Amino acid sequence: MATGIFRATSQQWASRTLRVGAAPKLRTALTGQTLKRSTLSATAQWQQAVRPVLCASFHSSPFRLAPETAANPLKEPPKITAESITVGGKTYKTDSFTNVTPTVLEKTTRQLHLIPTHPIAIIKDLIYSAFPDFKHYETFSPVVTTKENFDDLCFSDDHPGRAVTDTYYVNEKIMLRTHTSAHQLKVMTEADKVLVTADVYRRDEIDASHYPVFHQMEGAQLFDAKTAVDDIRKSIAADTSAVSGSIHTTDTTVITPENPKQDCHDEAAMLATADHLKYSLNMMVRKLFSHEKDLQVRWIDAQFPFTSPSWEMEILYQGKWLEVLGCGVIRQDILINAGKSDKIGWAFGLGLERLALVLFGIPDIRLFWSQDERFLRQFEPSKIQKFKQFSKYPPCIKDISFWSNDDFHENNFCEIVRDIAGDIVEDVQLIDEFTHPKTKKRSVCYRINYRSMDRNVTNAEINELQEKLREEVVQRMKVELR
Ligand code: FA5
Ligand code: MG
């Protein structure tokens, strides 16, 4: 069974074990150990030590702002000093939890989902049209409280998603949202049919379908608990939207004690809500992919702290199942907190890049951040056209080997790579590891594939980056180069 936020599906684990960043998560899941906040702050102190270095590089990093720079505080360049961080026009004190980096803060100004000709905005609008009378929210600041991102959503205190290795903290109580669900409670107090679109941030691995910044759309719909069964039956019967295309959907999920109905729910109302959820998402996918031939879609069980039962939808893409969304029946505690105790409802959170990869045939998630006209001019509002690959610039591959230590975490290593080389890194892979028989020291070798999407990189330039990486890895992670 798949597990929810920040825990990869078993299928993802299988494909992720070769990737940087997968191993620590896997280890945590296999040993059942969860990270405690007390141990986290030691890691955070390590981050604290590097902040001055980051500050220095921040001011020299190129800023790329979304076109309109009107009075939107999110478009103002963030500022970072040892004492404070200013983002979205607000200033926050730093502390031992602070681990946001200039590279990642810079992304908060881009707002790709608000640029009408960008594929992320095009797909957002297409999904809006599948949920016609829903209220839209799309300008929430990415800076949220840990209460909004975790506590309000029933995350346990020791949930691994809270770890500083997985989440970008501004300080102990303030963070960059890791999912659009951070706004669920607020928007549900305002309306019964809502869609929230936003950029979300996770310290994650680097590869073609994972990026530390991506976009999600959250959807939720609430029904009167007493009349839900009838209301839902009528609403599905009244749906006259015509869908075409040849999509093959498999759903073998059943409600089990591992993925249970909530005790407080009436069974018929819960089943109707779950059916309406899957019906709505199946219809959305049918509309989106009506031109696609023989698209394979499947539903699998999942777990999220804020829904039960829960599921994920996957699409077969380039021979692999790609997880595109998570969803479920909203935990009643959350509805009670939203002042909606007489309602029952569903929620989903989908990855816009993941859907766009399939819809536009975009081969690499980094392309969404490209400023290359050869990428940007291919797209028009409301139109789905397949991405035409332009010539790729040649890669430049470099390896780095070192003796790791007990504090070593691959997400921290990836973060240093990203800080130094940014989007020039196509992927980072662990290609070799062994333990010395006598000293018991663990040696690791990472292969870094440098390739720009916009230009040719020179060997001299990459050597310089690699040299900087070698220095920073020693300085920040206290490892010994081999
Ligand atoms: C969540 O974030 C839940 N908040 C979704 C949810 C909402 C569940 C409401 C229930 C109710 P998850 O961590 O699985 O779940 O992420 C949701 C989607 O975001 C994934 O299915 C995937 O499409 C996308 N996604 C996750 N990580 C990345 C990443 N690193 N890069 C790009 N897309 C990602
Ligand atoms: Mg998931």
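Predicted model: local features only at pLDDT ≥ 70, side-chain atom pairs only at ≥ 80, totals over all residues.
Local features need pLDDT of at least 70 and side-chain atom pairs count only at pLDDT 80 or more, while totals for chains, interfaces and linings use all residues. Residues are numbered from 1 along each chain as its sequence is written, and side-chain values use heavy atoms, with hydrogens and water left out.

The magnesium ion (ligand 2) is coordinated by E312 (OE) and E323 (OE) at 2.3 to 2.7 Å, donors being N, O and S atoms within 2.8 Å of the metal (3.2 Å for Na, K and Ca). E312 belongs to strand 11 (residues 307-317) and E323 to strand 12 (residues 320-330), eleven residues apart; strands are DSSP runs (E) of at least two residues, numbered from the N terminus. E312 has a relative accessible area of 2% and E323 one of 16%, so both count as buried (under 20% relative accessible area, 1.4 Å probe, protein chains only).

E323 also takes us to ligand 1, where an N or O atom in the E323 side chain lies 2.6 Å from an oxygen atom of the ligand. The protein covers 97% of the 680 Å² of accessible area that ligand 1 has on its own (Shrake-Rupley method, 1.4 Å probe). Around ligand 1 there are 28 residues, of which H179, S181, R202, E323 and V324 come nearest; a residue is near if one of its heavy atoms lies within 4 Å. Strand 12 gives the largest share of this shell, five residues. On the S181 side chain, an N or O atom is 2.8 Å from a nitrogen atom of ligand 1.

How values were computed. Chains lettered and ligands numbered in written order. Helix = DSSP H or I, 4+ residues; strand = E, 2+ residues; numbered from the N terminus. Buried < 20%, exposed > 50% of the residue type's maximum accessible area, 1.4 Å probe, protein only. Polar contact = N/O pair within 3.5 Å; in protein donor to acceptor, adjacent residues only side chain to side chain.
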